[in-house]
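Student: Could you walk me through this structure? I am new to it and would like to go slowly.

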Amino acid sequence: MKRLELAIESIILASRWLLVVFYLGLGVALAIYALSFGKKLYEFVTVAFTLGDTDTILKMLGLIDAALVASLVVMVIISGYENFVSRFDDEDGGVHWLGTIDVGSLKVKVASTIVAISSIHLLQVFLNSSSYTTEQLMWLTIIHLAFVVSAFMLAYIDRLMGLSKGKKGEE
């Protein structure tokens, strides 16, 4: 019976390597998004001197938004792999900082990035507010506030968990 239990545990533990497919897929998606970013950047460069201030700001906010989304994907890939699959080798001293992002911190960082992305989108909407109804502006603001509250709640929960871990370590 013990052999069966060990075999099942080995299979379950080995199944974490299936996550690599998802992380590699996210890497491919990131490469495609980088091409999309390059296209947006090229389009911006070709018209930069003909745009007004508001349109220039809107284009730049779109580029910043894309950079934040790309950073979010990288954060998920690296942290997910490090936390759930395997540790990165630190023989050359280049990746020692990767192990410092735990699952709770990752959630807070992801939520913070989503709030930043939502903020940029909301700023783009407000700069172009004539294209939106008052009701649409209200709902976009409410949705953004829901992201902000969620991020605060995740950070609060993460802090509580950190405090409780600290107290257990002292005992």
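Student: How many helices and strands does the secondary structure of the chain come to?

Tutor: The chain has 5 helices and 0 strands, where helices (H or I, at least four residues) and strands (E, at least two) are DSSP runs numbered from the N terminus. Please keep in mind that this is a predicted model, in which local features need pLDDT of at least 70 and side-chain atom pairs count only at pLDDT 80 or more, while totals for chains, interfaces and linings use all residues. Residues are numbered from 1 along each chain as its sequence is written, and side-chain values use heavy atoms, with hydrogens and water left out.

Student: Okay, and which residues make up the largest nonpolar core?

Tutor: The largest nonpolar core has 5 residues, namely Leu-72, Met-75, Leu-106, Val-110 and Ile-117. Such a core is a set of buried Ala, Val, Leu, Ile, Met, Phe, Trp, Tyr and Cys residues joined through side-chain atoms within 4.5 Å, and buried means under 20% relative accessible area, with exposed over 50% and partly exposed in between (1.4 Å probe, protein chains only).

Student: Which helix gives the most to this core?

Tutor: Helix 3 and helix 4 (103-127) each supply at least two of the core's residues, and helix 4 gives the most, with 3 residues.

Student: Where do Trp-17 and Tyr-81 lie?

Tutor: Trp-17 lies in the loop between helix 1 (2-14) and helix 2 (19-47), whereas Tyr-81 lies in helix 3 (residues 53-85), so the pair ties together parts that are 64 residues apart in sequence. Trp-17 counts as partly exposed, at 41% relative accessibility.

Student: And what share of the chain is buried?

Tutor: Buried residues make up 20% of the 171 residues in the chain.
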